[in-house]
Amino acid sequence: MGIRQNVQQLLKELPGGVELVAAIKERTAAEVLQAIEAGIKTIGENYVQEAERIYPLVGSKVEWHLIGHLQKNKVKKAARLFDMIETIDSVEIAAEIDKRCAQMGKVMPVLVEVNSGREKQKSGVMPEDAEELIKAISSLPNIKVMGLMTMGPRSGNPEDSRPYFITTRKIFDGIKTLGLANVEMKYLSMGMTNSYQIALEEGANMVRIGNLIFGQRTGD
Ligand SMILES: *Cc1c(COP(=O)(O)O)cnc(C)c1O
């Protein structure tokens with residue numbers, strides 16, 4: 001099937017209130033435009049540099065989410081290009097985004113990334129540290145915490161993702177209950193091509209999908 005049919009199928013299948021983020025890493029601008037014509041409203045990009053390259057061709061007719069790890073030296077560009085940053089995992093990076101957004105007169109919606117699989121090589125905050133991080137950054141005036149994002153360990157079997165989604169969902173609900181000022185626990189971003197159905201069952205309302213829209217990436 002082509003990109004158009006893939007997008008239309010997904011949009012039909014996803015329950016109301018679930019936001020579809022098209023993960024565009026390694027795709028061409030032409031492919032991204034096809035997805036947008038088929039109804040994609042939000043794009044997820046892993047790399048600031050790739051976003052810079054594609055942005056002029058795609059522009060602001062869609063929302064841009066950063067879904068890859070952000071380095072401090074890229075924050076200035078990221079603050080300009082993105083409408084949401086899904087990968088906050090330290091006070092330092094949040095403070096830097098806050099500073100850059102203040103200079104632009106912008107308030108950046110952000111998600112805190114949870115390392116739900118506790119994987120050493122992965123970014124994201126440890127599950128037990130998510131609440132403390134959110135409390136620490138909630139007072140920054142030019143960012144707004146809007147929820148959580150998680151990847152979970154990669155596995156061939158979608159069921160293996162379930163415990164990590166449950167862990168993240170529990171943290172999400174717990175923080176929501178606290179009713180912190182300037183924190184709106186609205187989005188729970190979890191699930192990719194092989195796991196989004198499980199993620200939806202466990203409460204995701206934002207899914208990030210690449211391969212199922214654009215076809216298998218070369219090198220995957
Ligand atoms: C690549 C990627 C996705 C999408 O993965 P697919 O398997 O292509 O659906 C989602 N989230 C992040 C953070 C990614 O890097």
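This is a predicted model: local features need pLDDT of at least 70, side-chain atom pairs count only at pLDDT 80 or more; totals for chains, interfaces and linings use all residues.
Local features need pLDDT of at least 70 and side-chain atom pairs count only at pLDDT 80 or more, while totals for chains, interfaces and linings use all residues, and side-chain values use heavy atoms, without hydrogens or water.

**Stop 1: the strands**

Select residues 42-45 and 63-66, which are strands β2 and β3; they pair in the parallel sense over four bridges. Strands (E, at least two residues) and helices (H or I, at least four) are DSSP runs numbered from the N terminus, and two strands pair if DSSP finds at least two bridges between them. Show Ile43 and you will find its bridge partner, Trp64, in β3.

Next, select residues 84-88, strand β4, which pairs with β3 in the parallel sense over two bridges. Leu66 has Ile85 of β4 as its bridge partner.

**Stop 2: the ligand**

Select the residues around the ligand (a heavy atom within 4 Å); among them are Ala23, Asn46, Ile67, Ile209 and Gly210.

- Thr193: a polar side-chain atom lies 2.4 Å from a ligand oxygen.
- Arg208: a side-chain N or O atom is 2.9 Å from a ligand nitrogen.
- Asn211: a polar backbone atom is 2.8 Å from a ligand oxygen.

**Stop 3: the largest pocket**

The largest pocket has a volume of about 740 Å³. Of its 29 lining residues, Lys25, Met151, Arg154, Met192 and Arg217 are the closest to its centre. A pocket is an open set of points on a 1 Å grid over the protein atoms alone, with protein on both sides within 12 Å along at least five of seven lines; lining residues have an atom within 4 Å of a point.

**Stop 4: the cavity**

Which residues line the largest cavity, where a 1.4 Å probe fits but cannot get out? Select Glu113, Val114, Asn115, Ser116, Gly117, Glu119, Lys122, Ser123, Thr150, Met151 and Gly152. About 40 Å³ of space lies inside.

Terms used:
Residues are numbered from 1 along each chain as its sequence is written. Grid points are joined across faces, edges and corners, and a volume is the space filled by probe spheres set on the points. A polar contact is a pair of N or O atoms within 3.5 Å; within protein, one must be able to donate a hydrogen and the other to accept it, and residues adjacent in sequence count only if both atoms are side-chain atoms.
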